[in-house]
Amino acid sequence: MRFVIIGAGRVGLRTGRVLREEGHEVTLIERDEAKIRRARNQEFPVVDGDGSRESVLEDAGVANADVLGALTADLNVNFTACMIAKHYGCRTVMRIDEGYREEIYRKYADEVDEVIYPERLGALGAKNALLGGTIRAVADVAPSLQVVEVTVSDAAPVNGYTMDELELPANATILAFGKRGADLEIPSADESLEDGDRIVVLADFDVLSDVRQLLVGESPERATANAGTGGVN
């Protein structure tokens, strides 16, 4: 996938690194010279300019991007960039800091695809927001292990199964389960799986595609392509 991230500060640069490590294309927009140098030293393509200007966004490739992440500390820049990116068909994710009032958050929340507090989420949470979808990385436990939260889809082969009937690959373990809209908890054996239910799984990267096929209902090819990315539909 192609991402344009506005802001090469702590949040934007770390999020860009996480995405790039998973094979995505990332272009950064930044106007601070020191931050531009740091990002370029890490071999990121960087457009020097104001991310709220359409010409700058076009230089960064917004017309061909899948997602725009407005991750600066300036709410006005973030919101303007998201509104421009929507016209190009991008998924939009906007950073908002803890200091903003709740009514401002609610005002903007309906205008973009997702609003995030990076102070709470960190780079991994920001990456999940950018990717969206039905499977989200919760934590990288080790180089080959990841904790993911999966939302069961209507197309899942295991839809209607009980937890006792669910058989995951050998290197995948269920940690928690939650019905649609309910809190996560330890699952009981007779709990049934339905569209919208959530399952937290500890899995080896090698079997994430198999987990996706079972719980989301993706084709083998798409599941393999999406495994480890946080999930995109």
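Guide: Gladly! Buried means under 20% relative accessible area, exposed means over 50%, and partly exposed is in between (1.4 Å probe, protein chains only). Helices (H or I, at least four residues) and strands (E, at least two) are DSSP runs, numbered from the N terminus. This is a predicted model, in which local features need pLDDT of at least 70 and side-chain atom pairs count only at pLDDT 80 or more, while totals for chains, interfaces and linings use all residues. Residues are numbered from 1 along each chain as its sequence is written, and side-chain values use heavy atoms, with hydrogens and water left out.

Visitor: How many residues of strand S2 are buried?

Guide: Strand S2 covers residues 25-30 and is mostly covered. Of its six residues, the number buried is five.

Visitor: How many salt bridges does a search of the whole structure find?

Guide: A salt bridge here is a side-chain nitrogen of Lys or Arg within 4 Å of a carboxyl oxygen of Asp or Glu. One of them joins Arg31 to Asp50, with the closest N and O atoms 3.5 Å apart. Searching the whole structure gives a total of seven.

Visitor: How many residues apart in sequence are the parts that Lys86 and Asp113 tie together?

Guide: These two form a salt bridge whose closest N and O atoms are 3.2 Å apart. Lys86 lies in helix H4 (residues 75-87), whereas Asp113 is in the loop between helix H5 (102-109) and strand S6 (114-116), so the residues apart number 27.

Visitor: In the salt bridge of Lys179 and Asp197, is Asp197 buried or exposed?

Guide: The side chains of Lys179 and Asp197 meet at 2.8 Å, N to O, and Glu194 is linked with them in a network of salt bridges. Lys179 is partly exposed, at 23% relative accessible area. Asp197 has a relative accessible area of 1%, so Asp197 counts as buried.
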